[in-house]
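Reader: Please take a close look at the packing in this model, in one connected account. What holds the reader's attention once the overall make-up has been set out?

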Amino acid sequence: MPSLPDGDPAPADGLLPPSVLAGAEDRALSLYVHVPFCSVRCGYCDFNTYTALELGPDVSQEAYHLDAEREVGFAARVLASSGLPRRPLHTVFFGGGTPTRLPAAHLTRILAVAREEFGLDDGAEITTEANPDSVTAQDLQVLADGGFTRVSFGMQSAVPQVLKTLDRTHDPRNVPRAVQWAKDAGLSVSVDLIYGTPGESLADWERSVTEAISYAPDHLSAYSLIVEEGTKMHSQMRRGVVAPIDPDDQAEKYELADDLLARAGFTWYEISNWSRAAQGRTATENRSAHNLAYWHNQDWWGIGPGAHSHVGGVRWWNRKHPMPYTTAVRAGESPAVGRETLDDDTRRFERIMLETRIADGLSIGVLDSQARQQIAPLVAEGLIDGREALGGHVVLTLTGRLLGDAVVRRLVT
Amino acid sequence: MSPQAVVPPVPSRTDPSLLRNFCIIAHIDHGKSTLADRMLQATGVVTPRQMKAQYLDRMDIERERGITIKSQAVRMPWQVEGTDFALNMIDTPGHVDFTYEVSRSLAACEGALLLVDAAQGIEAQTLANLYLALENDLAIIPVLNKIDLPAAQPEKYAEELGNLIGEDPDRVLRVSGKTGEGVEALLDRIVAEVPPPVGQADGPSRAMIFDSVFDTYRGVVTYVRVVDGALKPRERIQMMSTGAEHELLEIGVISPEPKPSQGLGVGEVGYLITGVKDVRQSRVGDTVTAASKGATEELGGYEDPKPMVFSGLFPIDGSDYPALRDALEKLQLNDAALVWEPETSSALGFGFRCGFLGLLHLEITRERLEREFDLALISTAPSVSYDVTLEDNTETVVTNPSEFPEGRIKEIREPMVSATVLAPSEFVGTIMELCQSKRGQMGGMDYLSEDRVELRYRLPLAEIVLDFFDQLKSRTKGYASLDWKADGDQAADLVKVDLLLQGERVDAFSAITHKDKAYSYGVMMAGKLKDLIPRQQFEVPIQAAIGSRIIARENIRAMRKDVLSKCYGGDISRKRKLLEKQKEGKKRMKMVGRVEVPQEAFVAALSSDDSADKKK
């Protein structure tokens, strides 16, 4: 799992500096709830998650919601004590791990506590990730009744061999059924795919995308497989058991996916995310508001072990293992282990890095004069859209999306 | 057993008959410094408490590498049968790069200990220095060291040494620098067998400089051996090669720290301080005499140091250029053999073309620049000096491939060396194969003993400076040893191979090679660069060419994907830091046309595969 960043020590009371108050009224507040449990750890996974065996004493899936609820309460108190105005939550997102390892009733309880502590915006987006294999129609109904509006299924691939390489245990045939249940319960639906798995052919990938489109979700994410150090797959690659990642193959698959999705009525709005008009909502309305909150540098509080938070230019991250995390929240202390306060230059760097990823683009006004000299060459090289540039925005072309980091490196000075 | 001296002879008033001047000839790790330490202890010059391991090797690098670059001279009192003698031990460099320094050290002595590891036998460099010692008519005392080692074979190697110098193997001394065994007997033997120095006590003074060292506090410290007459404090002296005059601010002996004396008489060895700040004003091999009524004839043997190997040194950070120049100037104060001039490379920026005595000299210089002056450097592949005659009969000397003339060439002459390889006889075949592949011509072959062979070859120096020694070592499991000395030049069929990125020549990668090897060099470098240069947003062709003729090509495909598709649960900090790091990395890139080449690619492409541990 990625190690946590280096940063300053986080204060035990979690209080934020006065600098976070500037412009707070104009920033939406979101909540992320991390559920650090899985039945098995997938070979590629470097997220902060644990199987039952990996947890210590005093930590259990059964009691986890209580600790999460404690941190929700702590969050509300810290934000208020730091002088921030009360802001109802714009979005809530349950991720993992596998949030649906918890009983649906536990998820709705946490949400209920969040609603009590913060309130919810009208039309707030409330999402949970779900395993298409283990979630039931009844679970989905409980979630919908409890206030959830959206579910994101970890489909990854329609090809059993590819799923096996990824250590995913679900039966791909269960995905359409789960998608249908979610729709029946009135939830909007996203599916996640992974491309570039070793051994996955271009035809395999085409099959996965086509299959996912056939379920008619209103949102789809496609992430290239990233193999981080410390994962099982990384060591398999080092030993030559599994073929290494081929960026050219990933580029080809990205282009194929974008083409297939466009033909099925999906439009991209972030490098790895597409949405379409469905279930009475426009494509824009079907974008993930929670993801956009990240890309637009809004405020969010991350609940749970290893979760990251951002409020007004202060970022912090929680203790990674559930044990020390649990100890901190039960003692009424901040479970954060490090934080950083961004200076103006760093905030601008992040803004360039994040906003170039989205279809709405980055305002050229954010760039300094030196970076602006890069605009014309970037247009000439076909990496950013010329028409948008004339309109004052940096918007990546299809080629540019694949070379997004290279573009960012040229725009930050 | 001999006691330590009771009344040590006083410098400047010691009768030459009580002096013994000797040096130690040994291979690098055969234990010379340890034995020298033991002699300092046995003679009471150093108390055990003062004992620093390898007392004579002052510089860190020397201590780490276990080799002695700079020689020094220590005066040690020793009593034999009631007479107090003064023994001057003159330390000699053990490496082939410093043959000239060795020859001057030998010229300051009447005797030499031939020190050989009892577990390894004699090595080629030792043999070379032994020849030099015999040419100087030195008395040779054969000594086997490390007899305490379990792997020692004193019988076998005593036989080998005996055969070599025509001496009864029973007369080969056996010592252990580690335990001290045999050291006192060795000191007695020096007194008995090394002849005392002979000179004209009342003639005009003549002293030979055998070493010259820059000291931050004292300026240049010059080590001399007085041949005739005497030198006195405060007297004005003259350096005979240049005529430069200086005042003798201090004169004395080392024992083991400098001790001023009332002068130095015939046969004595010691140091001079004149206040000069640059060792080039006090050159090894030069003759010191009195400024008035001095000698008219120099002692023979002085030579200007001649650089043999050339390499460009460039700071990785271009703003370090002035610091590099200052550092080279400082090193030159202590290293008369180091020469350099400014050089500009389109790929590497501003740097210096430096000339060295050999590869070790190059490596040590580079290491000192990096370590003592905290500079990060790129050094270009070592090159030699070629004499190029064009068709219009103009001649140029080329030490840098980028200066290779473009016009029609009539003849190119390259420097040659005569090389001696000593190895166990089982490796004869593989050594001959290697020498042939390096364009060597065999001069002869002799068996030193039943299973040890000496092979003599004439080889182009350029082949030696590339990777000859590494290959020799690896093909003989480390058993072969090599010595070489300059041996004229010869005409050869040489060409310059250029490397091009997107059609732009990268001067730092150009090389002068034999025509038959140009192709393999081109293929090797193009392949290396393909692996070392990261993919760009466009395709980058790599070509190797002789003139306009392309001899090898590779292609770096355009990069298609360079974007992180996901942030980890909002871990923006991590992604930002990654980008910041990449951005920082870009700043360290050198631009070749539109191609970004990382510094590491230059470093890796210009270093041979196992440069870490070579030339030891």
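**Make-up and packing**

Author: Chain A has 16 helices and 14 strands, both being DSSP runs numbered from the N terminus (H or I over at least four residues for helices, E over at least two for strands). This is a predicted model, in which local features need pLDDT of at least 70 and side-chain atom pairs count only at pLDDT 80 or more, while totals for chains, interfaces and linings use all residues. Residues are numbered from 1 along each chain as its sequence is written, and chains are lettered from A and ligands numbered from 1 in the order in which they are written.

Of the 413 residues of chain A, 49% count as buried, that is, with 20 or more other C-beta atoms, placed from the backbone, within 10 Å of their own. Among the contacts in chain A with a separation of 6 or more, 74% are accounted for by residues 24 or more positions apart, a contact being two C-beta atoms, placed from the backbone, within 7 Å. Chain B, for its part, has 13 helices and 31 strands, and buried residues make up 48% of its 616 residues. For contacts in chain B between residues at least 6 apart in sequence, 71% join residues at least 24 apart.

Where chain B touches chain A, the contact takes 23 residues from chain B and 36 residues from chain A. The side belonging to chain B divides into 6 nonpolar, 6 polar and 11 charged residues (Ala, Val, Leu, Ile, Met, Phe, Trp, Tyr, Cys and Pro are nonpolar, Asp, Glu, Lys and Arg charged, the others, Gly among them, polar).

The largest nonpolar core has 169 residues, of which I25(B), A112(B), L114(B) and V421(B) touch the most other members; such a core is a set of buried Ala, Val, Leu, Ile, Met, Phe, Trp, Tyr and Cys residues joined through C-beta atoms within 7 Å. Helix 10 of chain B, residues 461-475, gives the most to this core, with 8 residues. Leaving aside residues up to four places away in sequence, L114(B) touches I25(B), L130(B), I140(B), I141(B), P142(B), V143(B) and L161(B). Another core, of 104 residues, lies apart from the largest one and includes F74(A), W181(A), L402(A) and L403(A).

Turning to helix pairs, helix 3 (residues 99-107) and helix 4 (residues 124-135) of chain B pack at about 40° with their axes 10 Å apart, which makes helix 3 of chain B oblique to helix 4 of chain B (under 35 degrees is roughly parallel, over 145 roughly antiparallel, 65 to 115 roughly perpendicular, the rest oblique). Their contact joins V102(B), S103(B) and L106(B) of helix 3 of chain B to N129(B), L132(B) and A133(B) of helix 4 of chain B, and by class it has 4 nonpolar, 2 polar and no charged residues.

In chain A, the axes of helix 2 (residues 104-118) and helix 3 (residues 137-145) come within 9 Å and cross at roughly 10°, which makes helix 2 of chain A roughly parallel to helix 3 of chain A. Here A104(A), A105(A), L107(A) and T108(A) of helix 2 of chain A meet D139(A), V142(A) and L143(A) of helix 3 of chain A, a contact that divides into 5 nonpolar, 1 polar and 1 charged residues. Axes are lines fitted to C-alpha atoms, for helices over the stretch in contact, with angles from 0 to 180 degrees between N-to-C directions.

Methods: Buried ≥ 20, exposed ≤ 12 C-beta atoms within 10 Å, placed from the backbone.
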